[in-house]
Amino acid sequence: MSITHLKRGKPEADRAEDDAKVRGVVEATLRDIETRGDAAVRALSAKFDKYQPASFLLTASEIEAAMQKVSAREMDDIRFAQKQIRSFAEAQRASMTDIEVETMPGVILGHRNIPVQSVGCYVPGGKFPMVASAHMSVLTATVAGVPRIAASAPPVKGAPHPAIVAAMHLGGAHEIYVLGGMQAVGAMALGTETIRPVDMLVGPGNAFVAEAKRQLYGRVGIDLFAGPTETMVIADETVDAEMCATDLLGQAEHGYNSPAVLVTNSRKLAEATLAEVDRLLKILPTAETAGVSWRDYGEVILCDTYDEMLGVANDIASEHVQVMTDRDDWFLEHMHSYGALFLGPRTNVANGDKVIGTNHTLPTKKAGRYTGGLWVGKFLKTHSYQKITTDEAAALIGAYGSRLCLLEGFVGHAEQCNLRVRRYGGRNVEYGTAAE
C-alpha cells in the first residue's frame, strides 16, 4: 500500500507568507474605518472601485432601474435558482424545532430557535460577479426570519451590477449597498455615520474580505472562516480523464490560488487527466487564471486502495468533493470532513454553486473537520430556558445544587440554591453551608 503524488502544489510556507501580507493590510484598513467611518469607506471605494456616489445605499427607484437592465431570461433563471434554494432552506428550517420537556415533576427545560437580528451579506463582484452568492446568503437569511438583512456588492464598471441587485432584492434584502471588498464588510460590522452595524457577517470574498471577517469575528458573528475555493475529484476508472480535468479546472478558474486535487487509484486515469488538463488549458477562455491555480496549487494523488483514497480525502477536507467511482454511496457513508459532496458523474460542483438548491458558502482550509457550510441554521441561535413549577422540585433541585456549588467552592452560588430550599422546602439551612 502506498500513496504517490504525481503532482504537488505550492509549499505551505509560501502560502503562509502570502497570508501574512494580507493580514497587515486588513488590520490597518479596519482600524481606519473604525476611526474615520464614512470618510475612510469613501476613500477606499474611490481607490479600489473608482466609485464615489452620493450614497452607497440604493433607493427603491435605483433598485428598480437596475432590475430593468436584467433580461427576461436572466430574471427567469434567477427566480428558478431561488426557488430551488428556498425550497431546500425551508425544509432545513422545518427540521429545526423548538422543544420543551419535563425532565422530572415540576422541572421544565426547553430551547427556542431565534433568528440573528441583523445580518450583513457580502456578494463578491470583481472578476466574476457572483450573482449566486446573493441567493445563498440573502435568501437563506430571509427563510431563517432575520428581521434586518443588509447586502453589499462592489460596483461593476462604475455602477451597481443589475443581476446582483435583482438577486438581492428578490432574495429579501432590506438594504442594498454598492460597496466592495474589506471596506464593505468593515463598514457593515463596525458601523459608520450612514451604515448601521450588523450582528453577523456572511458570504464569500477574496483574501482581504476573508481576512477582514476573521479579524472582525468576536465583535460580530461570521458564517465561517473562508479561504480560496477548493475542489477535489475522487475518481476511479469508471470515469474518463476529460470529466476529471473539466471538473478540476471548472473550480480552478475562481482565482490564482484555488487548490484542485485529483485522488485516484488508477495510474492510467491520473496520467491521462494530467494530459487532458494541459489540452483544456489551451482552449479554456479563463486559462490565464485556471492555469496559474493548477500550476501552483494543483495536485494529483495516486492511491492503491479505496480506503487510502478515503483517508487522503478526509485529511485534506476539501471544500468541494466530486465523487465519481463504483462506490459513491460508500464515500457518502464514510466521508466525515468536507464542505459538500457531489456524488456521481451526472452531478457537478457548478450546479451546487449556482442552482441545485444547496448552499455554496462552504468551509475551506480544512475547516470541514469542525464545521459545515452556510445554511438556514447558521442564522438561528438556539437558546435554552428553564422553569421550576412546584415547591417540591425547587427544594430538591436546590439541595443538589447547594452541595455541588460548595464542592467547587462557590458559596454565593450555593446560597442561591439554599434560599430556595428555605423558602420552598421549609428547611433551615445555615448560611454558607450545604443543604442536606
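Let's start on helix α10 (residues 267-281), where R279 and E276 sit three residues apart, about one turn of the helix. Helices here are DSSP runs of H or I with at least four residues, strands are runs of E with at least two, and both are numbered from the N terminus. This is a predicted model, in which local features need pLDDT of at least 70, side-chain atom pairs count only at pLDDT 80 or more, and totals for chains, interfaces and linings use all residues. Residues are numbered from 1 along each chain as its sequence is written, and side-chain values use heavy atoms, leaving out hydrogens and water.

**Salt bridges**
- The structure holds 14 salt bridges, each a side-chain nitrogen of Lys or Arg within 4 Å of a carboxyl oxygen of Asp or Glu.
- R279 and E276 form one of them, at 2.5 Å from N to O.
- R327 pairs with D326 at 2.8 Å, N to O.
- In the bridge between E415 and R422, the closest N and O atoms are 3.1 Å apart.
- A network of salt bridges links R148, E175 and R196.

**Buried or exposed partners**
- Buried means under 20% relative accessible area, exposed over 50%, and partly exposed in between (1.4 Å probe, protein chains only).
- E276 is buried at 13%, while R279 is partly exposed at 39%.
- E415 is buried at 10%, and R422 is partly exposed at 25%.
- R327 is partly exposed at 34%, and D326 is partly exposed at 47%.

**The whole protein**
- The protein has 16 helices and 14 strands.
- Of its 436 residues, 50% count as buried.
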